[in-house]
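Hi there,

Here is the structure I promised to pass along. Have a look at it first, and then read on for what turned up.

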Amino acid sequence: MSGNVEASDDRFRDRRERKYGYDFLDEVLVHCPRCDGCATVTPHPEIPADEKAAGYGSLDLHRRLRCTECGFFKDRKVDTAVVGSPVDLYFQRPVWLQTSCCGHVLWAYNVRHLDLLEAYVGAKLRERGELVPWAPMSLVERLPTWLKVAKNRTEVLRTIRRLRSTLPAGG
C-alpha cells in the first residue's frame, strides 16, 4: 500500500501523514491528446533528481506526458500545482481513471491512488492514527462524504473494479 495506511480486508488504519494528494503525482494516467489512449505523466527523465524535489511553497515541476500507444510526448514545466480534481495539473488532461458513481465522479490519479480508495471504502473498520502536527487532515479525511458512507460501499467498489478493467495491459 503506502507509508500512511495499514489495510487488511476489513480494517483500514490511517496514520494521518498525508495532507493532500501530492504523493500520487509521480505518475498520473491521462487521456492522450493525440489518440485518446492511456498516457502517463511522469517527472522529466533528463532533469537531475535534486531539481525534481518540490520544496514547500516553491515548486519546480518538470513533467513529461508520454503515450505508448501512439508515441506522442510533450514536456512541460509548471510553477504551481493544485490537486483535487480529475484533471492532470501539468497538462490539463482528464485523468484516465474516472467515471460516474453514485451521482458523482469517482477518479484517481493512478493505480496506487485507486488502491488507497479501494482499501478505505472496502474497510468496515476505519481507524485514525495520531494527529501529525504538520498534517492536520489526511487525504482520506478529505474524501467527499458520498464516497465514505456505507450505503455507497458496494457501488463504489464495483466502480473501482470497472476502472481497473480500463487499465492497459501491464498497468
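Let me begin with the surface: the accessible surface of the protein comes to about 9300 Å², and carbon and sulfur atoms account for 50% of that. Please keep in mind that this is a predicted model.

As for what lies inside, 41% of the 171 residues in the protein are buried. If you take the contacts with a separation of 6 or more, 59% of them are between residues 24 or more positions apart.

The protein has 4 helices and 9 strands. Reading from the N terminus, the order of elements is β-β-β-β-α-β-β-β-β-α-β-α-α.

Next, a pair of helices. Helix α2 covers residues 111-122 and helix α4 covers residues 153-164; their axes come within 10 Å and cross at roughly 160 degrees. An angle over 145 degrees counts as roughly antiparallel, and α2 and α4 are therefore roughly antiparallel to each other. Their crossing is left-handed. On the α2 side, the contact is made by Val111, Leu114, Asp115, Leu117, Glu118, Val121 and Gly122, while α4 brings Arg153, Val156, Leu157, Ile160, Leu163 and Arg164. Sorted by class, the contact of α2 with α4 has 8 nonpolar residues, 4 charged ones and 1 polar one.

Two residues of strand β5 may also interest you. The strand spans residues 61-67, and His62 has its place there. Is His62 buried or exposed? With a relative accessibility of 18%, His62 counts as buried, because the cut-off for buried is under 20%. Leaving aside residues up to four places away in sequence, His62 touches Thr42, Pro43, His44, Ile47, Arg76 and Lys77.

Arg66 also sits in strand β5. Its relative accessible area is 38%, so Arg66 is partly exposed. Which residues does Arg66 touch, not counting those up to four places away in sequence? They are Ala39, Thr40, Phe72 and Phe73.

If you open the model, you could start with the α2 and α4 pair, whose crossing is left-handed, and then move on to His62 in strand β5.

Best wishes

Note on methods
Residues numbered from 1 in each chain as written. Predicted model: local features only at pLDDT ≥ 70, side-chain atom pairs only at ≥ 80, totals over all residues. Heavy atoms only, no water. Axes fitted to C-alpha atoms, helices over the stretch in contact; angles between N-to-C directions. Parallel < 35°, antiparallel > 145°, perpendicular 65-115°, else oblique. Left-handed = near helix turned anticlockwise from the far one by under 90°. Contact = heavy atoms within 4.5 Å. Nonpolar A, V, L, I, M, F, W, Y, C, P; charged D, E, K, R; others polar. Buried < 20%, exposed > 50% of the residue type's maximum accessible area, 1.4 Å probe, protein only. Areas by Shrake-Rupley, 256 points an atom, 1.4 Å probe, with all protein chains shown as cover.
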